[in-house]
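Colleague: I would like to learn how to read strands and rings in a model. Could you take me through one?

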Amino acid sequence: MSSRRPKLILVYEPEKACFERLVADGHVAGRAAEIASYLAQSTDIAPEFDALAAACQTRGLSFAPVALDDAANVLAGEDPKTTLVWTLTDGIAYFRGGAAPALARLNGLKLLGADDALFALCQDKFRSGAVLGALGLPVPQSGLARDGRWLVEPPASPAGWFVKPNRLGAKIGIWPDSRSRDLGHALELSRRVFADYRDDVVVQPYVTGRNARASFLGLKPDTGVEALGIVIVDSGSDFQTMEDSLALYGDTGEAARAAGTYAEPVLLPVAASQPRADARIRRIAQNLIAGLGLRDVFSIDFRVEADDSVHLIEFEVCPGLPCFDFRAYCRTQWEMGLADAMAETAASRFSRLAAS
């Protein structure tokens, strides 16, 4: 390796920059703020940049947070032998973080996390579901609707359907009535989503059970699915809405905490009550690693039924690192705070490069 000090670059897209770009593109300010709230992890991690720099320095690394709009110029000037790029936020449509791994590849820089193809795939729920289904994984078959008309009709479902925006995350566009009992209502929800966000909706057969999340950070390069943190996310309701999500993160979440209205979901280890479901989730994760290329850092969302049936809902290549669930995962699995866990992961990658 070069004699220069190894550097970890964290590329992030700020909420404010996203909001201003959306308003300039004609989105109503209130809706633009909701869309930009997906990037609240950038807001939440900024106060920890000093802690990240200190944790990196302890391990012989330098640390540089880089806003996405500056990334093209910054990455073009970095040394491929001593630079590791970690992308905090994804996006191909409303958000643009998916450009960061492509810029890293363009400049020959090492990347922590999935390649840019998966950044594009995970942001489109309909296409992602089609790929997951082709891999033989237990994902509900989706219909697709745009502004009140079907592009792909969903399958019949005696339990009804669940309707959510196709390319938006953080529960944006999910309301208390997003579980639909009839397809006419599902089409009405598609009109509402299109009017508010200009997005399509996926319409999936509703599946019973509890919400579960599997979190992963490959602290060492050879870390496997044994390091998954698999928990039930108990928010006290069948599913979380946009209002619930806004109360957890970013400036809105900070205001909710100050007002005493913050209600953090309870995390319950799946293995403690449903070990068979835990084992099934680990097998699914292994299939995603082998068949899809998930690596280094990711999360996967499931519904787990009482009989241990598991439904794969979606995966995320940029999980919300400063969010309560990933912080809890770092504490439980790696006995580290977030800054140390991130710095240790980066340091282990540089150690492998030095040995190669």
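**Reading strands and rings**

Modeller: In β12, Pro269 is the bridge partner of Val231. Keep in mind that this is a predicted model.

Colleague: How many bridges join β11 to strand β12, and how do the two run?

Modeller: Strands of a sheet pair through backbone hydrogen bonds, either parallel or antiparallel. Here four bridges join β11 to β12 (residues 266-269), and the two run antiparallel. Strand β10 (residues 210-217) is also joined to β11 by four bridges, again antiparallel. Ser215 has Gly229 as its bridge partner in β11.

Colleague: Why is strand β11 largely enclosed by the rest of the structure?

Modeller: Strand β11 covers residues 229-234, and five of its six residues are buried, so the rest of the structure largely encloses it.

Colleague: What is the strand order in the open sheet of five strands?

Modeller: The order is β6-β5-β9-β7-β8, with antiparallel pairing. β6 (149-152) and β8 (179-180) are at the edges with a single partner strand each, so one side of each has no neighbour in the sheet. Helix α9 (residues 183-197) packs on this sheet and touches β5, β6, β7 (161-165), β8 and β9. The direction of α9 makes about 95° with that of β6. Within the sheet, three bridges join β5 (residues 143-146) to β9 (residues 201-205). Leu144 has Val202 as its bridge partner in β9.

Colleague: Now the rings. How many aromatic pairs does the count come to?

Modeller: A pair of aromatic rings is described by the distance of the centres and the angle of the planes. The count comes to six aromatic pairs. One of them is Tyr12 with Phe49, tilted, at 5.5 Å centre to centre and 55° between the planes. Tyr12 belongs to strand β1 (residues 7-12) and Phe49 to helix α4 (residues 49-58), so this pair ties together parts 37 residues apart in sequence.

Colleague: What links Phe49 and Phe63?

Modeller: Their ring centres are 6.0 Å apart and the planes are at 50°, so this pair is tilted. It links distant parts of the chain, with Phe49 in helix α4 and Phe63 in strand β2 (residues 62-67), 14 residues apart. Tyr12, Phe49 and Phe63 form one aromatic cluster.

Colleague: Is Tyr12 buried or exposed?

Modeller: Tyr12 is buried, at a relative accessible area of 16%. Phe49 is buried at 13%, and Phe63 is buried at 13%.

Colleague: Which ring does the charged end of Arg179 sit over?

Modeller: That of Tyr206, with the charged end of Arg179 3.5 Å from the ring centre. Arg192 lies over the face of Trp175, at 4.4 Å from the ring centre.

Technical notes: Residues are numbered from 1 along each chain as its sequence is written. This is a predicted model: local features need pLDDT of at least 70, side-chain atom pairs count only at pLDDT 80 or more; totals for chains, interfaces and linings use all residues. Side-chain values use heavy atoms; hydrogens and water are left out. Two strands pair if DSSP finds at least two bridges between them. Contact means heavy atoms within 4.5 Å. Axes are lines fitted to C-alpha atoms, for helices over the stretch in contact, and angles run from 0 to 180 degrees between N-to-C directions. Buried means under 20% relative accessible area, exposed over 50%, partly exposed in between (1.4 Å probe, protein chains only). Rings of Phe, Tyr and Trp (its six-membered ring) pair if their centres lie within 6.5 Å; planes under 30 degrees apart count as stacked, over 60 as edge-to-face and the rest as tilted. A charge sits over a ring if NZ of Lys or CZ of Arg is within 6 Å of the ring centre and within 35 degrees of the ring normal.
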